[in-house]
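Try each task before reading its solution.

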Amino acid sequence: MSVLVLGGAGYIGSHAVYQLIDQGEQVVVVDSLETGHIGAVHPNSTFYEGDIRDLDFLRKVFKKESIDAVIHFAANSLVGESMENPLKYFDNNVYGTQVLLKAMVEHDVKHIVFSSTAATYGEPEAVPITEEMPTIPTNAYGETKLTMEKLMKWTEQAHNINYASLRYFNVAGARESGETGEDHRPETHLVPIILQTALGQRPHITIFGEDYDTEDGTCIRDYVHVEDLISAHLLALDYLKAGGKSDVFNLGSNQGFSVKEMIDTARTVTGKEIPAVGGPRRAGDPSVLIASSKKAKHVLGWQPSRTSITKIMQDAWDWHVSHPHGYSEGVEHR
Ligand code: UDP
């Protein structure tokens with residue numbers, strides 16, 4: 001039996017494929033390559049290029065391969081873009097998941113691990129954020145992920161599919177052995193932007209707001225190493241296969257670091273100056289997001305082991321140094 005990884009050519013999905021194959025699993029990858037990279041596809045996986053909204057395409061994959069579980073990473077994930085083009089997000093993310101669930105029901109596939117987000121909570125009423133807190137997204141991206149969770153909830157009740165929805169906080173770092181890392185076009189995330197600045201590919205990093213109600217005035221986020229994040233997916237898969245009940249889990253590190261602390265860490269790790277300039281706030285940015293991951297630890301037995309931001313930054317830096325232009329030569333697409 002195989003695990004189907006949707007979005008397995010993307011940053012987080014490709015790390016999942018590598019860890020699954022490390023564990024001896026057979027892996028089938030589906031990716032449209034709209035944001036994923038062919039170079040990120042594991043050479044020992046079975047790869048299908050296609051769009052999850054294409055039901056006939058998904059039917060062919062499910063018919064040809066013997067799939068017993070799905071890990072679903074195939075979605076658009078840029079907050080800003082989701083505000084400018086919400087219908088794209090509802091189409092790719094929500095409708096795409098609807099088609100996927102239909103194909104799963106038709107082919108009697110019973111387990112799905114789902115890539116969700118802290119953006120489902122919106123501006124939190126308190127930190128650390130627990131899974132019971134209200135979900136009031138402040139952007140279209142978070143709304144689509146919450147809607148996708150609801151699609152799974154109602155499908156489960158009718159068709160007995162169990163799901164684990166994993167709400168990510170800030171994912172960073174790269175695979176320690178270097179085969180895969182982070183390469184978004186355009187890049188919007190803090191850690192790769194800092195490291196591209198360290199490489200001299202950007203003149204400076206702009207800090208989005210220095211007047212937040214935090215100690216140094218910059219936003220605080222909870223950074224989790226991508227390898228630890230993926231360990232939680234593998235545990236969630238085992239949990240579902242053992243008959244675990246459908247549930248939602250936060251994945252973070254229970255601690256927060258400011259934008260300035262992240263830049264300082266990168267200066268230490270890289271030995272580079274990394275010029276930084278203050279800029280206006282970015283719309284929709286909550287000041288502090290920190291997860292309580294107690295539930296994932298307790299129920300799934302998750303034990304993140306790469307919890308220091310120095311380790312996260314070092315692994316991300318190693319990837320950037322060995323792949324200064326990501327998965328391809330040239331920087332024209334950045
Ligand atoms: N950020 C920044 N400059 C950048 C990119 C990000 O100051 O060029 C800040 C952003 O405002 C947020 C934090 O870094 O407070 C993390 O942003 P990212 O986009 O990486 O993740 P998000 O928290 O939006 O999921």
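**Exercise 1.** Which residue ranges does the domain assignment of the chain give to domain 1 and domain 2?

*Solution.* Two reminders come before the steps. Residues are numbered from 1 along each chain as its sequence is written. This is a predicted model, where local features need pLDDT of at least 70 and side-chain atom pairs count only at pLDDT 80 or more, while totals for chains, interfaces and linings use all residues.

Step 1: domain 1 is 2-172 + 224-251 and domain 2 is 190-221 + 254-322; such bounds come from an automatic or database domain assignment.

Step 2: 24 Å separates the C-alpha centres of domain 1 and domain 2.

**Exercise 2.** How many residues does each domain give to the contact?

*Solution.* Step 1: domain 1 gives 27 residues and domain 2 gives 23 residues, with contact meaning C-beta atoms, placed from the backbone, within 7 Å.

Step 1: on the side of domain 1 that touches domain 2, the largest share, seven residues, comes from H7. Helix H7 spans 226-241; helices are DSSP runs of H or I with at least four residues, numbered from the N terminus.

**Exercise 3.** Which residues have the most contacts inside the largest nonpolar core?

*Solution.* Step 1: a nonpolar core is a set of buried Ala, Val, Leu, Ile, Met, Phe, Trp, Tyr and Cys residues joined through C-beta atoms within 7 Å; buried means 20 or more other C-beta atoms within 10 Å of a residue's own.

Step 1: the largest one has 97 residues, and Val-5, Ala-236 and Leu-251 have the most contacts inside it. H7 gives the most to this core, with 10 residues.

Step 2: Leu-251 touches residues including Leu-166, Val-224 and Ala-291, not counting residues up to four places away in sequence.

Definitions and conventions. Two residues are in contact if their C-beta atoms, placed from the backbone, lie within 7 Å. Helices (H or I, at least four residues) and strands (E, at least two) are DSSP runs, numbered from the N terminus. A residue is buried if 20 or more other C-beta atoms lie within 10 Å of its own, exposed if 12 or fewer, and partly exposed in between; C-beta atoms are placed from the backbone.
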